[in-house]
Amino acid sequence: MRSTIAIDVAAPPEVVFRLARDVTRWPALLPHYVSVRVIERADERTLSEMVARRPLLPALGLGIPVAWRARTWSEPETLRLRFQHVAGATRGMDVTWRIEPTATGCRVSIEHVFRRRIGLPIVGPLLGDESFPRFVDLLFTRPIAARTLATFRTLAEAVAPDMVRPTKSDRVDEANLVP
């Protein structure tokens, strides 16, 4: 199963990348992240235990805690963030954040690639390899990723320099300059 969720941000790609690249700061930046505990650091990669709240009744502030372990790293040259889930219900999930420039800022997309069989005799083979990943994507991955993207958009747009492009009247008309 492959799914992608994306959002447009009116801020330079580098601003979004700098905000998002350090997952240990996510609980301070993202209200739905309960904790990120570093287990191991090695070769620019961090193994962390992550806990986020999947909104259940947002008006009441209720949510379901969702926990997993992921090896994370960033790729500054391509403005990508990578996550390999190594434990939890999403074990085996490969996640790639792509932060790409646009005319008005950037587009941030998160791609999830996940294949996992249901380990129940008879039922598992009947439902196939896609049923559990689709269930996880619909009920957990998408809601959490959508909230993460929306919050990073708000943060990036708040700290980004003015993104207003010069209008025609703001440009200097070199033909009318006096030598």
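This is a predicted model: local features need pLDDT of at least 70, side-chain atom pairs count only at pLDDT 80 or more; totals for chains, interfaces and linings use all residues.
At 15% relative accessibility, Glu111 comes out as buried, under the 20% cut-off. Arg98 belongs to strand 6 and Glu111 to strand 7 (residues 105-113), so the bridge ties together parts that are 13 residues apart in sequence. Arg2 joins in too: Arg2, Arg98 and Glu111 are linked in a network of salt bridges.

Searching the whole structure turns up nine salt bridges. Another one of them pairs Arg82 with Asp94, with 3.0 Å between the closest N and O atoms. Here Arg82 is in strand 5 (residues 80-87) and Asp94 in strand 6 (residues 94-102), so this pair connects parts twelve residues apart in sequence. Arg82 is buried, at 17% relative accessible area, whereas Asp94 is partly exposed at 25%. Glu49 and Arg69 also meet through their side chains, at 3.7 Å from N to O. That bridge links distant parts of the chain, running from strand 3 (residues 45-57) to strand 4 (residues 62-75), with the two residues 20 apart. Glu49 is partly exposed at 26%, and Arg69 is partly exposed at 30%.

Turning to the helices, helix 1 (residues 13-20) packs against helix 4 (residues 131-159) at about 120°, with the axes 9 Å apart. That angle makes helix 1 oblique to helix 4, and their crossing is right-handed. On the helix 1 side, Val15, Val16, Leu19 and Ala20 meet Phe152, Leu155, Ala156 and Val159 of helix 4. By class, this contact has eight nonpolar residues, with no polar and no charged ones.

Technical notes: Residues are numbered from 1 along each chain as its sequence is written. Side-chain values use heavy atoms; hydrogens and water are left out. Axes are lines fitted to C-alpha atoms, for helices over the stretch in contact, and angles run from 0 to 180 degrees between N-to-C directions. Helices (H or I, at least four residues) and strands (E, at least two) are DSSP runs, numbered from the N terminus. Angles under 35 degrees count as roughly parallel, over 145 as roughly antiparallel, 65 to 115 as roughly perpendicular and the rest as oblique. A crossing is left-handed if the near helix is turned anticlockwise from the far one by less than a right angle, and right-handed if clockwise. Contact means heavy atoms within 4.5 Å. Ala, Val, Leu, Ile, Met, Phe, Trp, Tyr, Cys and Pro count as nonpolar, Asp, Glu, Lys and Arg as charged, and the others, Gly among them, as polar. A salt bridge is a side-chain nitrogen of Lys or Arg within 4 Å of a carboxyl oxygen of Asp or Glu. Buried means under 20% relative accessible area, exposed over 50%, partly exposed in between (1.4 Å probe, protein chains only).
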